[in-house]
Amino acid sequence: MEAITKFAADRMLARVARWLRMLGADTIFDESIDGATMLRTARTEGRIMLTRDKRLKTAPDALFLNSNNFREQLRQILSHYPFDVLQNAFSRCSRCNTPLIGVDREVIRLRVPPFVYASNEKFSECPNCAHVYWRGTHPERIIREVRNIGLDGIWSTKG
Ligand SMILES: [Zn+2]
């Protein structure tokens with residue numbers, strides 16, 4: 001599989017950071033970390049810094065986001081660093097950025113609502129924060145959002 005660009009989002013970008021994780025991109029974000037510290041971490045770890053800080057407009061390893069709107073931000077990020085979202089969505093925890101692992105549905109039976117258990121075959125769990133994910137409703141919502149944003153043209157549509 002083609003490597004996806006790794007990102008570091010500044011503290012103003014909580015929403016788009018969560019979306020990038022949902023789409024499968026390794027994205028670090030921490031509200032308690034200031035921009036300068038995040039930029040150092042980004043450079044150490046070979047990540048593209050996503051920022052609203054105008055001072056970073058010309059930095060080669062940062063992408064200055066023009067809009068405050070997360071859809072516009074997502075569009076700008078993915079037109080610069082495209083990857084196959086349909087292939088990669090839901091491989092990573094949107095809360096803590098950890099890669100998810102598949103989990104047997106019997107194991108999580110008591111941890112999800114009965115209707116969710118009954119209507120889904122595949123479940124994943126975050127080995128770090130223990131949040132459980134299932135493939136019922138979220139992927140459809142994501143794909144709808146991706147189409148709303150008008151990004152499906154630049155992504156491959158396999159899968
Ligand atoms: Zn997690």
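**View 1. Asp26, Glu45 and Arg47 are joined in a network of salt bridges.** A salt bridge here is a side-chain nitrogen of Lys or Arg within 4 Å of a carboxyl oxygen of Asp or Glu. By this rule, the count comes to 7 salt bridges. Side chains of opposite charge can pair when their charged atoms come close. Please keep in mind that this is a predicted model, in which local features need pLDDT of at least 70 and side-chain atom pairs count only at pLDDT 80 or more, while totals for chains, interfaces and linings use all residues. Residues are numbered from 1 along each chain as its sequence is written, and side-chain values use heavy atoms, with hydrogens and water left out.

**View 2. Welcome to the whole protein chain, with its 7 helices and 7 strands.** Helices (H or I, at least four residues) and strands (E, at least two) are DSSP runs, numbered from the N terminus. Following the sequence, the pattern reads β-α-β-α-β-β-α-α-β-α-α-β-β-α. The chain has 159 residues, and 46% of them count as buried. Buried means under 20% relative accessible area, exposed means over 50%, and partly exposed lies in between (1.4 Å probe, protein chains only). The accessible surface comes to about 9000 Å², with 50% of that belonging to carbon and sulfur atoms; areas come from the Shrake-Rupley method with a 1.4 Å probe, and for residues only the protein chains shown count as cover.

**View 3. Here Asp53 meets Arg55 in a salt bridge.** The N to O distance between these two side chains is 2.9 Å. Asp53 is partly exposed, at a relative accessible area of 24%, whereas Arg55 counts as exposed at 72%.

**View 4. Two further salt bridges can be found here, one between Arg109 and Glu106 and one between Glu125 and Arg111.** For Arg109 and Glu106, the N to O distance is 3.7 Å. Arg109 counts as partly exposed at 43% relative accessibility, and Glu106 is partly exposed with 46%. In the pair of Glu125 and Arg111, the closest N and O atoms are 2.9 Å apart. This pair links distant parts of the chain, 14 residues apart: Glu125 sits in strand 6 (residues 123-125), and Arg111 lies in the loop between helix 5 (105-108) and helix 6 (114-119). Is Glu125 buried or exposed? At 17% relative accessibility, Glu125 counts as buried, while Arg111 counts as partly exposed at 41%.

**View 5. Arg15, Arg18, Arg141 and Arg144 form a positive surface patch.** Patch residues have over 30% relative accessible area and no salt bridge; like charges are joined within 9 Å, and nonpolar side chains (Val, Leu, Ile, Met, Phe, Trp, Tyr) within 5 Å. Helix 1 (14-22) and helix 7 (138-149) each supply at least two residues of the patch. Arg144, found in helix 7, is exposed with a relative accessible area of 52%. Back in helix 1, the buried residues include Val16, Trp19 and Leu20. Gly24, which follows helix 1, has a positive phi near 105°.

**View 6. Pro99 lies in the loop between helix 4 (85-88) and strand 5 (101-103).** Pro99 is partly exposed, at 47% relative accessible area. Which residues does Pro99 touch, not counting residues up to four places away in sequence? They are Ser91, Arg92 and Pro127, where contact means heavy atoms within 4.5 Å. The C-alpha atoms of Pro99 and Ala25 are separated by 9.9 Å, although these residues are 74 residues apart along the chain.

Definitions and conventions:
Lys, Arg positive; Asp, Glu negative; His and termini not counted. Charge placed at Lys NZ, Arg CZ, Asp CG, Glu CD.
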